[in-house]
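User: Please take me through one part of this structure by question and answer, giving the cut-offs behind each term as it comes up.

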Amino acid sequence: MAKYIHPSTTPKPPPTDARGNQIHNEILLGLSADCSELLSKLEYVRLKVHSVLFETGDSLKSVYFGNSGMISILSVFPDGKSVEVGLVGKEGFVGLPLLVGFQTSSTRAVSQIEATAFRVNGETLMEFLPRSSELQQRLRQYSQISALQITQIAACNRLHEVHERLARWLLMCSDRVGSNNLPLTQEFLGQMLGTRRSSVTVAAGFLQEAGIITTARGDVKIINREKLEDVACECYEIMQLQAAEWRNGSK
Ligand SMILES: [Zn+2]
């Protein structure tokens with residue numbers, strides 16, 4: 001007997017831009033028709049691994065709506081050391097200072113793995129923004145979610161152990177990429193967590209011995225997400241719960 005599929009469970013293909021590129025960005029998805037002018041001006045871009053979108057101090061000529069992959073926001077010090085303070089995927093936007101009239105970036109934005117984004121000229125976005133209260137609201141809400149993340153990660157970097165932070169970070173990456181396979185080297189993990197590579201090796205070894213992840217050259221695979229959530233510090237849950245509460249309570 002043929003299996004009945006309820007119409008509402010049939011997956012819809014994702015919407016596309018005028019050139020047929022699938023839109024996954026959650027800020028852009030579902031925008032009403034009055035945003036079609038802006039949508040027509042978005043440029044689909046592919047970002048290779050470790051592409052720098054902005055350096056600290058750069059003018060924000062273009063801004064990016066994340067579409068796939070991950071973009072790290074890094075705080076960079078004069079001696080070249082850096083630590084990740086934010087992570088942007090398909091839920092987010094890169095170029096927040098511009099929304100409040102600030103013209104330069106205070107951080108570095110770099111794609112961690114291959115990523116795609118919709119890029120738009122900053123002036124074009126700012127000309128359009130006063131005409132769409134809907135887009136203004138979505139970007140303001142994302143700005144607050146981003147501030148929540150940055151605040152929590154700052155506390156996390158100071159207070160929590162490397163293996164807890166690594167677990168928290170892998171969960172955040174997995175959510176953004178939508179996969180348990182993360183093409184990340186341990187050297188890069190160390191840069192993101194602002195710690196020595198040897199500390200990351202010890203922390204990754206701990207997670208591997210506990211049967212939570214496997215690591216091979218240039219790849220981390222999450223094999224037990226439930227345990228990974230148990231090992232992660234409370235920061236992951238705090239961010240998830242707060243963001244969900246805001247989203248559920250928003251109009
Ligand atoms: Zn933490």
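User: Which exposed residues does the face of helix 9 turned away from its buried side carry?
Analyst: This is a predicted model, in which local features need pLDDT of at least 70 and side-chain atom pairs count only at pLDDT 80 or more, while totals for chains, interfaces and linings use all residues. Residues are numbered from 1 along each chain as its sequence is written, and side-chain values use heavy atoms, with hydrogens and water left out. Helices are DSSP runs of H or I with at least four residues, numbered from the N terminus, and buried means under 20% relative accessible area, exposed over 50% and partly exposed in between, with a 1.4 Å probe and protein chains only. On that basis, the face turned away from the buried side of helix 9 carries Glu237, Leu241, Glu245, Asn248 and Gly249.

User: Within what arc do the buried residues of helix 9 fall?
Analyst: The buried residues of helix 9 are Cys235, Tyr236, Met239 and Ala243. Taking directions from the helix axis to the C-beta atoms, they line one face of the helix, because seen down the axis they fall within an arc of 105°.

User: Which helices do the buried residues of helix 9 pack against?
Analyst: Contact here means heavy atoms within 4.5 Å. By that criterion, the buried residues of helix 9 pack against helix 4 (133–159), helix 5 (162–177) and helix 8 (225–231).

User: Is helix 5 oblique or roughly parallel to helix 9?
Analyst: Axes are lines fitted to C-alpha atoms, for helices over the stretch in contact, and angles run from 0 to 180 degrees between N-to-C directions. The two helices pack at an angle of about 40°, with their axes 9 Å apart. Angles under 35 degrees count as roughly parallel, over 145 as roughly antiparallel, 65 to 115 as roughly perpendicular and the rest as oblique, so helix 5 is placed relative to helix 9 as oblique.

User: Which residues of helix 9 make the contact with helix 5?
Analyst: Helix 5 contributes Arg168, Leu171, Met172 and Asp175 to this contact.

User: How many residues of helix 5 are buried?
Analyst: Helix 5 is mostly covered, and its buried residues include Trp169, Leu170 and Ser174. Of the 16 residues in helix 5, the number buried is twelve.

User: What is the relative accessible area of Ser174?
Analyst: Ser174 lies in helix 5 and, leaving aside its neighbours within four places in sequence, is in contact with Ser179, Asn180, Leu182, Ile222 and Arg225. Ser174 is buried, and its relative accessible area is 5%.
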